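Here is a short briefing to read with the structure open beside you.

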Amino acid sequence: MFLRNDQFDSAGGAAARSSELVLVPEPTRLDRMRHAIEAIDWTPDLGARIGSRDWFRGAATCTALLCATWALSPGFARPIAGETPKALSSTAWDNARAQAIAPLAWGADTGQRMAANDLVRPLGETPDRPHLPFSSAMSDGDSLAALLRRAGAAKADVAAISDMVANALPLDEIRPGTRFDGVLGPRAHKSDPRPIETLSFQPAFDFRLIISRTANGLSMQRQAISVDDTPLRIQGLAGASLYKSLRAAGVPSTAAADYLKAMATRISLGSDVTAGDPFDIILKQRRAATGEVEIGDIVFAGLDLGGRKVQLVKWAGQDSDDEDGGGDWYDANGGETRRQGFVGLPVNGRVSSAFGMRMHPILGYYRMHKGIDIACPYGSPVYAVVDGTVNWAGYKGGYGNFIGILGSGGVGTGYGHLSRIAVRNGERVSRGELVGYSGNSGLSTGPHLHFEVYRGGETVNPRGFSFSTMAALTGSALRAFKAKVADLLAVRPGTAR
């Protein structure tokens, strides 16, 4: 029991006190047992206090739960009984199969259907299709006649179509990859070849041939295709590699090589070009109305070096359409061309040793270095820097594999330490033509190209020597050239103007 005191003030301010005793009954044995059971931890940690009373209590609880689970389980040896549906009969199975998804993979025969009965009779032979379309492409080394025979065309039609097409263009000018679309007509017997009803193909970029069967036999129609010949202009930055940047921008490999060869006649690609220099290139392009695109030769090459711009235009003359990619490179400023014998290097690399006296890296004493060494990867292509005749192509002492080219005016060039020679003695070569590959032959400490220039039989410094010829356009030729330059520069990059 406990004593509870209540204190309060009366309305008149006098304090009154009272005490009240409250009796609480003692807990029964059941209450004490319940509290004792609640205080027991029936699931102690069996990993702690091993061997204690709490641990044994927990082990007993775990054992009891396992025994109860084992006693209540249906057993492991006895199978569990289950109900399976009765197998469908043949007719019921056919009806059920028609309503299922499986027929979509077995011929898409969905929906209710009826099984065959006595009224169904098997066909003696399957009916022949009245018209059979086909599509085939001509492979390399293939012929028009062989393609039509493989399609199943009649021999008479193959001969007639070959004769008609031969009147439009030579059969050997049909390019590999040309696609033929046609339809074969009905035949009297299944073993007979089919006649050709229609045949169409595009043997050239600007026209299509359509052959169809009429009441008077086969006839051919030539269908013209409109072609847009607006050039393609591509611009970008030189980056770490001008060639790789050109290719990444979509310039074909041959056009990229022509661009570099044209630029190499004006600048040094190894030292003058930086990563941030913008390039500008214009290519011939033909776009047919049917969607085909044909990229041609390069007609404009530009490079902004910051302090100066190099702009070159391919010009073959005002009376030439330059379909074969001929012509010379002219500077875009007024039609005057400056054709230098060489400016730059015959191989893509850096000058590792200059012209003049130096300590020979192998012989170990001072001697005259009659050229310049250009460090480059082994096997790099080496190009002629002047037009001339090969007067040496072979091994030459310390030079290793060596090429000598004698140009006009007594000017000659030499290329040493090559890994492979691509020209012969007496062969005529042009500026920019491949003559060999850099290497490490002769007295050499590593892959590089030794480059020499001769004038009057004496060696001169290649970096300080150049010659050029000037050719200026005048009159109507100059006006036509300026019109072409203006027309090219009006092309928008990446799109037709």
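A disulfide is a pair of cysteine sulfur atoms within 2.5 Å. By that cut-off, this predicted model holds 0 disulfides.

**Cysteines**
- Cys-67 takes part in no disulfide, and its nearest cysteine sulfur belongs to Cys-62, 9.4 Å away.
- Cys-67 counts as partly exposed because its relative accessibility is 47%.
- Cys-376 has a relative accessibility of 7%, so this residue counts as buried.

**The protein as a whole**
- The protein contains 27 strands and 8 helices.
- Of its 497 residues, 32% are buried.
- Among contacts with a separation of 6 or more, 56% come from residues 24 or more positions apart.

**Helices H4 and H5**
- Two packed helices are described by the angle between their axes and the distance between the axes.
- For H4 (residues 144–151) and H5 (residues 155–168), the angle is about 145° and the axes are 10 Å apart.
- H4 and H5 make a right-handed crossing.
- On the H4 side, the contact involves Leu-144, Ala-145, Leu-148 and Arg-149; these meet Val-158, Ile-161, Ser-162 and Val-165 of H5.
- The residues in this contact of H4 with H5 comprise 6 nonpolar, 1 polar and 1 charged.

Technical notes: Residues numbered from 1 in each chain as written. Predicted model: local features only at pLDDT ≥ 70, side-chain atom pairs only at ≥ 80, totals over all residues. Heavy atoms only, no water. Axes fitted to C-alpha atoms, helices over the stretch in contact; angles between N-to-C directions. Helix = DSSP H or I, 4+ residues; strand = E, 2+ residues; numbered from the N terminus. Left-handed = near helix turned anticlockwise from the far one by under 90°. Contact = heavy atoms within 4.5 Å. Nonpolar A, V, L, I, M, F, W, Y, C, P; charged D, E, K, R; others polar. Buried < 20%, exposed > 50% of the residue type's maximum accessible area, 1.4 Å probe, protein only.
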